[in-house]
Structure formats: C-alpha cells, structure tokens
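Reader: I would like a close look at one part of this model, with its charged side chains described carefully and in context.

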Amino acid sequence: GPDLLGLYSLSMAISALAIVFVSFGTIPMLVRDIGRDPAQGGQTLRALFPAQLALSAGAWTLLVGLGTFSGWSGNEVGILAAIAAYQIFVRLGEIMLSESQGHQKMQIVALVRAGIPVLSVTLAAPLVWLRDERLLTLSVMPISAFIFFLLARRAAVRLGGPIGLRPQWTYIIEAVGRAKPFFLIQLLTSAYERLGVIILGVLATREVVGEFAAGDRIIAALGVIVNVLTVSSLPALSQLAATDTTRLKQLSNRLVRLAWLIGLPVATGLFLFSEEIIVGVFGQSYAGSVIVLKVASVLMVVRALRSVLGPMSMATDRQSDLAVGRAISLVVLIISAPLLVPLFGAVGLVASMIVAESVLISVLIWRLDAAGNLPRVFRPAFRIVAACALATLIGIFGAEMSPFARIPAAILAGIVGLWLFRAVKREDIQL
C-alpha cells in the first residue's frame, strides 16, 4: 500500500544522501579518464577501491544508527538497513563498471545492469505470493545488488587486472582532489533527487509520499532507457573531445535527436495511459498517483535532454557548469517545494521538480553555447512533436475504446506520424 511505499521511499532518500560519500564523485571521472587513457584510469580505480570499501561499511553503520536513535521501530530500521546495503553494493558495482564503460564495452554494462531487476523480481516473486514478510521480501534487493557488484568486479578484473585491498594513499589523495567537481555534482544531484521526498515526508503523510513514489517509480523504471544515452555517450564524447571536435559536434547533434526521439514518445504514452499504468502495476489503492504520473511525464523529456547535455559538459571539461546548474536547480527546489506541497501535495512536488530541472537545462544550454560546444537542441524536436500530437489526438478521441484497442491505436498513430513527418532518420537507428 501507499503507506509502506512511502516508508520505502523515505529510506531510499535518506540512504542515498549518505552513499554519495562512498564514491566521492569518482565514477564519471573514472569513465572519462579510462576512455582517454585506459592504463592510467584503471590504476586510479584500483587505488581508490580499498578506501571506498571502508567508507561503505562506515556509511551503512551510520545509517542504521541514525534509524535506531531516531525512534524508528525494529521493522522500520530493518527496512532502512536493507535499502542502505542495496545502495552501497550498487554504488560499488557502478565503480567497478566504470572500467567497462571507459573501454566502451557497453554489452557488459547492459548485461550486468539488467541482472539487478531481473534477479530481484525472480527472488521476490515467490516470497510475495507465499509469505507476507515485508523485510524478508525486501532482503532480495541487497542480495541482488551484491551479485551485481561481484559480476561488475569480475568484468573489471578481466579488462584491467586484479583489484587489491591495500590502499595507495598518494593516488587516493590525488584522485579525490581531481574528483572534487564531480563529487560536488553528485552531491547536488543526490540532494536534488532525494530532498524533495524528504520535504514531502515532513509536510505530508506517508500515504502521500507513497502516491508520489508510485508515479516516480514508473518514471525511474522508464528512465533506464534515457540513462543508456548517458552511459554510452560519456566515454565516446570524452574521446572525441580530446581528438576530433568536428566529430564531437556531429555525435552530440545525433544524441540530442535521440533524446527527443526517446523522451517525447515515452512522455506522451505516460500522459495518455497513466491510469491504466498505475492501476495495472500498483492497484486501485494508488488511484491518487494517476495525476502524479500525468504531470511527471514531462520529466521524461527534460531528463532525456539532460542525459546528453550533462555528459557533453563533463566530456569538454565543463563539469563546473554542471555543478553550478545543479546548485541553482536545488535552490529552486528548496524554495518552491515547501510552497507548492501544502497546496497540491505530491503534484506540487512534481511541479517543483519540473521547474528545477528546466532551470538546470537552461544553465547547461547557456554555458555550452558560451563555450561553442552547444549541439542543435530544439530544431530536431518539431517533427517529433507533430508525430506525438497525432498519437495524442487518437488517444484522447478514442477514450471510449477499451485499453486493448486504444493503446495499440495510439502507438500505431505515433509510428505513422514519425514516418509521415520524417521524424526518424536511418542514422538514429544505426547509432
């Protein structure tokens, strides 16, 4: 129900803020460095890992202690402990995967990452049906994340050699110093992504947090599609930024087109079929999440653009611009959320997030343009918007149709629109 999902979301938000200090923002730096110089970047990864492992143990202990002394029940602290362990193993696995990303071995990255949800669902499904044990069911998350870490570590060892446990302080100090801008970006990003849930938890009930979380989970699940752009583009953009600026501009233009081509149709589908999605996935008790998902569909478009403009900033050594944009968007969220949440509840938080994300995109566009690295941002969207408008008309005027007829009709109309308005090029599919 929404109440327990609210507790889950609050635990995820609190632990995510602490886990930032495990990696110290080194993941994007490692991906960039390995993409430019595999030997040197791989050496930095191996030097940092022992310290990050020790920080992980400290972060987990701190979070469990925080829950215990905050008056949470034993079951609630157990949920927090399980989620914190899950986040730690995922973060350690992401550190290991930076080796594969830097070498542009995206098949390995995709396979290992896909294993987490598949394994979690496989392990959790029988527990959900056979026993009503919340903590036992939730324990599959850290187990799946630990397996993800082991697989990612194995891939890193095969690509770059053994990973020891003896800290190399000279490398650690030097790497942490270089990672400061990335750490600031990661800290601001994590604060932005999680602080809204904490504000909602303070100003509203856990049930309202759960209604927000249901819509947010759908956005997060589909956001995996968008994250593919970030994961795949950063090493390639970093390499081209150092070797061929002409091809860098060409690739960034294609990536922006792909961002629109992913974000706009997905957002249209979420807006049209939010009720069917929420009720079908979560059940009728989450009916209050339908409007949340409708409004949140806009985030798919904004985040798709961010998934290209953000890596473009880091690849061209403009990570400070990304940090400034994140800081401004966080201030916007902190100011607007307490004003809108009391008036509109979960929808108010979503509206604050849309405004804050739009501010970030505006800052990135401004700074990339000033540096002469801005790809064509808005021109590729016009034809895709026309195709999505055609799908929207079919979806709205076919409201009386059954979902089994309405959904395929709208999808078919969107595909026809993409072809009719020539919104898709062959190079988009071949990327």
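Which side chain meets that of Arg-306 in a salt bridge, and what is the N to O distance?

Author: In this predicted model, the side chain of Arg-306 meets that of Glu-357 in a salt bridge, with 3.0 Å from N to O. Because Glu-357 lies in helix 15 and Arg-306 in helix 13, the pair ties together parts that are 51 residues apart in sequence. Both of these residues, Glu-357 and Arg-306, are buried, and salt bridges with shared partners join Arg-303, Arg-306 and Glu-357 into one network.

The other contact in question is the salt bridge between the side chains of Arg-303 and Glu-357, at 3.2 Å from N to O. This pair, too, links distant parts of the chain, since Arg-303 belongs to helix 13 (residues 289-315) and Glu-357 to helix 15 (residues 346-370), 54 residues apart. Arg-303 is buried, as is Glu-357.

For context, a search of the whole structure finds eight salt bridges. Among them is the one between Glu-76 and Arg-206, whose closest N and O atoms are 3.0 Å apart; as Glu-76 lies in helix 4 (residues 74-102) and Arg-206 in helix 10 (residues 206-243), this pair ties together parts that are 130 residues apart in sequence. Here Glu-76 counts as buried because its relative accessibility is 18%, whereas Arg-206, at 26%, counts as partly exposed.

These pairs sit in a protein with 18 helices and zero strands, in which 51% of the 431 residues count as buried.

Terms used. Residues are numbered from 1 along each chain as its sequence is written. This is a predicted model: local features need pLDDT of at least 70, side-chain atom pairs count only at pLDDT 80 or more; totals for chains, interfaces and linings use all residues. Side-chain values use heavy atoms; hydrogens and water are left out. Helices (H or I, at least four residues) and strands (E, at least two) are DSSP runs, numbered from the N terminus. Buried means under 20% relative accessible area, exposed over 50%, partly exposed in between (1.4 Å probe, protein chains only). A salt bridge is a side-chain nitrogen of Lys or Arg within 4 Å of a carboxyl oxygen of Asp or Glu.
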